[in-house]
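Please read these notes with the model open beside you. They take up one topic at a time.

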Amino acid sequence: MYRVIYISHSKSSMSDDELDKILSEARRRNQAVNVTGMLLYCGRTFFQVLEGPQHQVQATLDRVYRDPRHYRMKVLSFGPAKKRRFKDWSMGFRRLHKGMDADNSFFELSRNALNYRIPKNAAGDLLTLMTSYASTKLS
């Protein structure tokens with residue numbers, strides 16, 4: 001069991017229809033290869049956790065890296081995991097909105113904000129963030 005946490009940016013803002021298409025495809029593919037995870041999207045930023053067999057997680061990450069809709073991908077954590085945190089979802093999803101009330105959002109999901117606020121090897125804190133969003137109503 002492996003887990004990757006990464007951030008990437010879309011080249012342009014994505015409509016709800018575009019996000020729905022991405023989610024539908026990701027859920028189908030992930031379910032077929034036993035990959036689970038959670039995706040947050042805010043502005044043009046994707047923040048994602050993927051977990052599953054190492055070669056399947058790596059293949060999924062490689063596919064995202066090659067996707068022309070993404071750029072400036074940064075892997076924040078990649079390594080063995082003791083257990084799944086998102087075992088019930090082929091892809092949980094939450095669309096965050098800029099300007100969300102501070103009680104509803106932990107921090108800005110931008111590269112600079114993450115580099116400033118999250119120290120190296122902070123995978124536990126990142127998972128806490130993701131599971132906090134996961135416990136709220138997901139779309």
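**Notes on the sheet and the aromatic pairs**

1. Phe78 counts as partly exposed, at 33% relative accessibility (buried means under 20% relative accessible area, exposed over 50%, partly exposed in between, with a 1.4 Å probe and protein chains only). Tyr2, at 22%, also counts as partly exposed.

2. This is a predicted model, in which local features need pLDDT of at least 70 and side-chain atom pairs pLDDT 80 or more, while totals for chains, interfaces and linings use all residues. Residues are numbered from 1 along each chain as its sequence is written, and side-chain values use heavy atoms, without hydrogens and water.

3. The whole structure holds two aromatic pairs (rings of Phe, Tyr and Trp, the last by its six-membered ring, with centres within 6.5 Å; planes under 30 degrees apart are stacked, over 60 edge-to-face, the rest tilted). Tyr2 and Phe78 have ring centres 6.0 Å apart and planes at 80 degrees, so this pair is edge-to-face. Tyr2 is in strand 1 (residues 2–10) and Phe78 in strand 4 (residues 70–80), so the pair ties together parts 76 residues apart in sequence (strands are DSSP runs of E, at least two residues, numbered from the N terminus).

4. The rings of Tyr41 and Phe46 have centres 4.7 Å apart and planes at 50 degrees, so the pair is tilted. Tyr41 is buried at 1% relative accessible area, and Phe46 is buried at 2%.

5. Five strands form an open sheet in the order 4-1-3-2-5, with mixed pairing (two strands pair if DSSP finds at least two bridges between them). Strand 4 and strand 5 (92–96) are at the edges, each with a single partner strand, so one side of each has no neighbour in the sheet.

Terms used. Helices (H or I, at least four residues) and strands (E, at least two) are DSSP runs, numbered from the N terminus.
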